[in-house]
Amino acid sequence: MKPLASRSLMAALAVAFLVVPLFAGTFTVSLLNEIGIGALVALGLVLLTGVGGATSFGQAAFVGIAAYASAWLTTAHGMSPWLGLPFALLLTGLSALAIGMLTLRLGGHFLALSTIAWGLSISMLFGNLDALGRHTGLSGIPPLAIGGWSLMEPRAMYYLVWTVVGLGFLFSRNLLDSRPGRAIRGLRGGATLLASVGADAYRLRLSLFVTAALLAGLAGWLYAHMNRFVSPSPFSVHASIEYLLMAVAGGLGSLAGALVGSGLVLALKNVLQDVLPWLTQRSGQLDSIVFSALFIALLHFARGGLMAFVRRWRRRHGAGRPAPAHAAPARPLPNRAMPARGTPILSVQGAVKRFGGLVAVNDVSFDLGAGEILGLIGPNGAGKSTMFNLLTGTIPMTSGRVRFLDRDVSGMRQLEIARLGLGRTFQHVKLRPHMSLLDNVALGVHARTRPSILRAGLRLDREEERRILHEARRQLDRIGLGDRAHEMAGSLPLGTQRILEIARALASDPFLLVLDEPAAGLRRQEKLALGNLLRRLREEGMTILIVEHDMDFVMNLVDRLVVMNFGSKLVEGAPAAVRADERVQAAYLGGTA
Amino acid sequence: MSATTGTPMLEVGDLRVAYGRVEAVRGVSIALQPGQIVSVIGPNGAGKTTLLSAVMGLLPSQGALRFEGEDLRGLDVEARVERGLCLVPETRELFGELPVLDNLRLGAYSRRLRPQALRDRLDSVYARFPRLAERRTQRADTLSGGERQMLAVGRALMSAPRLLMLDEPSLGLAPLIVREILSIVRALREDGVSILLVEQNARAALESSDFGYVLETGEIALSGDSAALSEDARVRATYLGGGADDDA
Amino acid sequence: MTWDIALILGIDGLANGAIYLLAGLGLVLIFSVTRVVFVPFGDIAAFAALSLAAFEAGRVPPTIGLVVFLAAAALLTELGSLVRKGEGRRIPRALLLWGGLPLIPCAIAWAAARAGAPAPVQMIASVLLVVPMAPLLARVVFQPIADASVLVLLIVSLALSFLLSGLGLLFFGPEGTRTSPLAVGSLSLGDGVEVGGQVILMVGTAVVLSGLFFLVFERTAMGKSLRATAINRVGARLVGIRPARTALLAYGYASLLAGFIGILIAPVTTMYYDSGFLIGLKAFVAAIIGGLVSYPATALGALAVGVFESFASFWSGALKDAIVFSLLIPVLMARSYMARHHEEEIEEIDQ
Amino acid sequence: MALFLEMSAAPRALRWLLFAGASCLSIAAWGADLKVGVISSLSGPVSALGIPYEKGIRAAHARFPEVAGHRVELVVLDDASDPATAARNARKLVNEDKVDVLVGTSGVPGAMAIAAVAQELKTPLISPTPVSLPGPDHDWTVVASQPFELMVSAVVRRMKAEGVGTVAFIGFSDALGDLAYECLVRSAGELGIAVVADERYARGDMSVAGQVLKIIGKRPDAVFAGNSGTPGALPYLELANRRYAGRIYGTHGLINADFVRVGGRSIEGLEVPSGPVLVAGQLPAGDPIREASMAFRASYEKLYGAPPTDAFSAYTYDAYLVLADAAARVRGDAQPGTPAYRQALKDAIVSTRELAGTHGIYNFGPDSRYGSDERAVVMVRMEGGQWKLAAQPAPPR
């Protein structure tokens, strides 16, 4: 939609925010307060589960840690609630860090179950610590006060809660729209994708986990001083599940989903409480039934939650993405100096890879000099891709050596090799379909810049951000997609996606570019264009290793060819010589063996 | 064009398949006569596999799809299997944790055979692939590439298909095994099974088929009698690495 | 802790483990075929137990009403989709399958309750009564969104479980029930250590049932088609196996297991309308230890959880579950490390 | 960027919320004269207490649809056993439904949460749950049930009389369990009885074998269970299972029909404290509590077609009696629905004198929030599936 429209919407939002308490009863206000608190926790879940892809059944435990921390500090030691805030956040953050380091390496279902495990354990702990009033909990928690003005009254609390909620949303939005944010949105693409741009998936997930926990912590602190009474039950696994319901009902696909979801769940429960008694005596017991039924129905109509409706509506009313904010001029990022033509860049010596009994790569050796294009060819299943994964460090070698820029990189992790200056593309394209072309390419710049989650969230990263986007645009223009920078990568034809991967690889400013079947699925003209691009790169001193099927394409491009067959090197030499070679004919064209 | 007589076994008219906004198959029309072997060749990502998946009903598609005159649209995969269509996908899709024998038995699932009939059909498959008989108790995922391909074809044969669609049967196989499989394919034709063969290995495919189509970026670039195709300059250029650079 | 105490705890743990084992098998079966973590499994087991209790109390189990209601809902869903697909000719069959079939156990149960049938009949009736539940729920709730992401399916599953326990409260009330044991007497293992007949029965039945379970999988064509679908969905379709149909089959089997769990557990512990959730959770733990695919690993996991739990309750009753779950994390790490095959991409969320 | 844009959906969401909020407003008070806000746990873990609580007050309402010339309207809300919900409901009842008095709820944490709100909104609260209120700032709350302390000390005195020297505790791992344990330790300490074990289990647990084995290992003269309802039967069943021969005691939380049904033979000889209502029939004629109890039973049976099978429903019945009595003594001309009336009502409540209820004789004062005294406790003993008034110390089992 137009910026004007969205600005007026924002204004409307602000006004609504200010006037609500004036015409709403204190009950409605305190309901809104609870919605705000729920939204904070759900927001964390949207980040962690929706964006990061790690399901958590334990957020309520973090709410509890913060709530109890502040409650304990203010009741047992009579300190100010405002001191309770940093204390609560510190405690929540530390426990999240510890739990995260312990569990975040777990995969898929195991991770989800582990969250149930600690979520359940922590909430049980609350009920068994005498200092925390065991199951009865802590009461008489002082209300917050600003100067002499106590925030005991819901209306007063309202402004605090919703200010915090607003800040939480701003922070999250800024975060996602930044360097760490792009990497976080890349998490679903898998660790290999991130490693290929020099990003560490585990550390990203960990910091995301802590961020989500801190949002829950904020909610907990507010909860404690709003209800002024804490007991274990609101922090049980059931509560965690309810927060998850909120996030899903609103829509894990968007930050606003957290707000919408929290509002939907709490308001719905409340409305049911009012409506059902008109239908039946036993309304109390019908609440949960009707609620669950409606919830299931919602997911039947919109798996993406309520926000999915909004998205559809916007699509139907043609309100697309914003006119791309015009690229502000920025200092280009420094580029590495390309080594002198001919200096050895990569050398593979006696590489061997065994999968169980099968020998996928059998004692293959070859060298690669700066400014050279080497083609690695061979029939399907010849072991090219395995070779590929060996020298990029994606999978460990059984034996042999790989030297990259006169450093022995065999046994190094993929992301370390990538940071040294090795850019790669994937045979099965690894792009983030729901991210724009620009963001996908900017992901490639990751290792060249620093901004942290905190600086990104606080918008202190704009200078670097501009330089990152500037670099990304440059690479997009280079491959001739500059004019489509804001389309979603998923909407590109497969062939173009492959080229986009090249741009992402280039954005990491590599010495060596390793391409896996870049021409597959390209039209004739596109192939010619790709060929020219690669030649131009070569002139600029880039070194390129290319695995390709399309003989026509390869023959007219590369300086040298290495032919593999059944895991071993068959021939090495100039295209013409290779083409003439009998063995190649036999192996490649399935002629007489 | 090869002489067309009676209703074709398979008729694909202006078929379109799209992944989201991306069209992978863009208006492809092919026909296959009873008892014919037709090959579709083309580079990676040309849309060959997509084409077969659409014919099999694994992917939604637009355009005409007729099998022995019957409209296939509206029939799900399983129904098409019951009609006698059978696909051996590039990825084989075997039941890795089950022994060879079970894989074969399941192949005949759609036929609901009596034990005796089942045994007979097993024997006929074993007769064709003696290797499978030796391996019958072995888990499918412990087989070698060639054996897997045989099992995939064998499983397909268990359903007594009228049209067999093979996706890259030569994928990752040694030339010798490729020959073996292709000779079996030819033998199948003798038993009245029609075959749609998708291959990257152009020469092998054209050698063993009557008629061929060349698929490029989702469109039919060329078609004709296999013999003629294998002599065509552009085919040689693209698949046999000849230095021809004509523009199309 | 003396050895005889350890022995008693061990046996007690095995008894619970046996329950988790059956439940775990059911969960793995459903997940491997449908990608649904079927949380309501436990609730169905609870319904079986509460139905049996109702029988004993001489009342007509309210479960009948629930099943009839579900059948109606399922029938409507089915007819709706048939009409939309314009397959009117299949309507009679649908009426029979969705409208008629589920009513048979209801009729049996109703007759049994009215005639005040003997205990064995009551048990059979209770089991049969819950068998249609999972398939009917699946038809109404899961089949329409069969291709949703695992997360969405899980969330829906959770909501469904809340819904069922809500209905349980409505139908059976908040108070617990306990039925008279199937097996009385006990087996003495020397000084003070005795094993109740019911416990022996539980473990025994669990062993027999899981044995039958594996037999069905290894020997029958039906079982094969189930495994095939679980192992390779596309492969299954290519040989003409309809995943939707096998899914219903899986739900049916699981429901049957739940029914058995219900009547086994009803005499040894007090069952409540919401007892199901915890049983389901523990079984889920076992299933995860089995990676949601391996039946043997699930069985081991189930027994381990049961025994763990029993000993934990001795060390600290209050923190029992905390202990069990904390001990779980290292196990998960080991399993995750073992299961760490190639590079896993996380499926995109539903838009 | 996509996620950024979806922020602009927020206003839409908010407007929707406002609508929802408004709809809450619209369903506001009308008509009825004196409004009673009832909060109870109709679902969740404590629903076993919450559901009878609701039945009890409805029975009372059916008996006295009018008090002091005001038609009474009940507004009942479920708190799903969650304190936060209970507090929200209390707020809602006072703000939206404009109730003059609150009654609730079944869980201790919930009751405490409500008490805080009652204090803030200056609305009298009559709690049927024995809630231990810290600090002086709760003078808007009175408790219409025996303080737990009172009940437990009665049990302990009974133990002493029956020659118990060591007692083991097993109870819920929740607020009730904590409260019961504290009271036991205090009273037992005074009478020189040693508490040798503190075992806990969750309401939903399938087995307490571990806890009971540990208790038996300590060889106590008696076992005292701090739990309620049918889940309370689990320890007794396991004790019987393990052939425990000592005496068994419990709390008044155990008194309902389902507990007896589930407990079966294993609770034979169990002794628990109770309000007189349970054994009203066995009380001497003319005893005011007997009269009140009989009246309660009659009106309960009239409404539900069956006599009460538990002692819980009587608590809310008493709460209603306290309200009715106070309403009749309200001074001044303040009308229901006004803060003035709430103030007056509260003053009347805290000046209640010698009010006969089903669970005892109530006397409230500004500084005494618990109305009951020793007259509110009798010891009952399970004999042949019936609760019998336990007069003489019983012989060991």
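## The centres of domain 1 and domain 2 of chain A, taken over C-alpha atoms, are 42 Å apart. Domain 1 of chain A covers 25-235 and domain 2 covers 344-589; such bounds come from an automatic or database domain assignment. This is a predicted model, in which local features need pLDDT of at least 70, side-chain atom pairs count only at pLDDT 80 or more, and totals for chains, interfaces and linings use all residues. Residues are numbered from 1 along each chain as its sequence is written, while chains are lettered from A and ligands numbered from 1 in the order in which they are written.

**Figure 1. Where domain 1 of chain A touches domain 2.** Here 23 residues of domain 1 of chain A are in contact with 27 residues of domain 2 of chain A. Two residues are in contact if their C-beta atoms, placed from the backbone, lie within 7 Å. On the domain 1 side, helix H6 (154-176), helix H7 (179-185), helix H8 (191-196) and helix H9 (201-227) of chain A each give two or more residues. H7(A) supplies the largest share of that side, six residues. By class, the domain 1 side holds eight nonpolar, 11 polar and four charged residues. Nonpolar means Ala, Val, Leu, Ile, Met, Phe, Trp, Tyr, Cys and Pro; charged means Asp, Glu, Lys and Arg; the others, Gly among them, are polar.

**Figure 2. Chain A as a whole.** Chain A contains 23 helices and 13 strands. Helices (H or I, at least four residues) and strands (E, at least two) are DSSP runs, numbered from the N terminus. The C-alpha trace of chain A spans about 90 × 50 × 50 Å along its principal axes. Of its 593 residues, 59% count as buried. A residue is buried if 20 or more other C-beta atoms lie within 10 Å of its own, exposed if 12 or fewer, and partly exposed in between, with C-beta atoms placed from the backbone. Of the contacts in chain A between residues at least 6 apart in sequence, 74% join residues at least 24 apart.

**Figure 3. The fold of chain B.** Chain B has 10 helices and 10 strands. Its C-alpha atoms fill a box of roughly 55 × 40 × 40 Å, taken along the principal axes. The radius of gyration of chain B is 18 Å, which agrees with the value near 18 Å for a compact globule of 248 residues. That radius is taken over C-alpha atoms, and the globule rule is 2.2 Å times the number of residues to the power 0.38. In chain B, 50% of the 248 residues count as buried. Among contacts in chain B with a separation of 6 or more, 66% are between residues 24 or more positions apart.

**Figure 4. The two domains of chain B.** Chain B divides into domain 1 (1-84 + 163-242) and domain 2 (95-160). Their centres, taken over C-alpha atoms, lie 24 Å apart. Contact involves 10 residues of domain 1 of chain B and seven residues of domain 2 of chain B. Helix H2 (77-83) and helix H7 (175-190) of chain B each give at least two residues to the domain 1 side. That side has seven nonpolar, one polar and two charged residues.

**Figure 5. Chain C against chain B.** In this view, 14 residues of chain C are in contact with 19 residues of chain B. H10 and H11 of chain C each give two or more residues to the chain C side. H10(C) gives the largest share, five residues. The chain C side divides into six nonpolar, four polar and four charged residues. No contact joins chain B and chain D, and their closest C-alpha atoms lie 18 Å apart.

**Figure 6. The enclosed helix H10 of chain C.** Eight of the 11 residues of H10(C) (residues 221-231) are buried, so this helix is largely enclosed by the rest of the structure. The buried residues are Lys224(C), Ser225(C), Leu226(C), Arg227(C), Ala228(C), Thr229(C), Ala230(C) and Ile231(C). Their cover includes helix H3 (100-107) of chain B. From chain C, it includes helix H1 (3-34), helix H9 (197-219), helix H11 (233-238) and helix H12 (243-265).

**Figure 7. Packing of H1 and H14 in chain C.** H1(C) packs on helix H14 (residues 295-315) of chain C at an angle of about 145 degrees, and their axes are 7 Å apart. Axes are lines fitted to C-alpha atoms, for helices over the stretch in contact, and angles run from 0 to 180 degrees between N-to-C directions. The crossing of H1(C) and H14(C) is right-handed. A crossing is right-handed if the near helix is turned clockwise from the far one by less than a right angle, and left-handed if anticlockwise. The contact of H1(C) with H14(C) has 14 nonpolar, nine polar and two charged residues.
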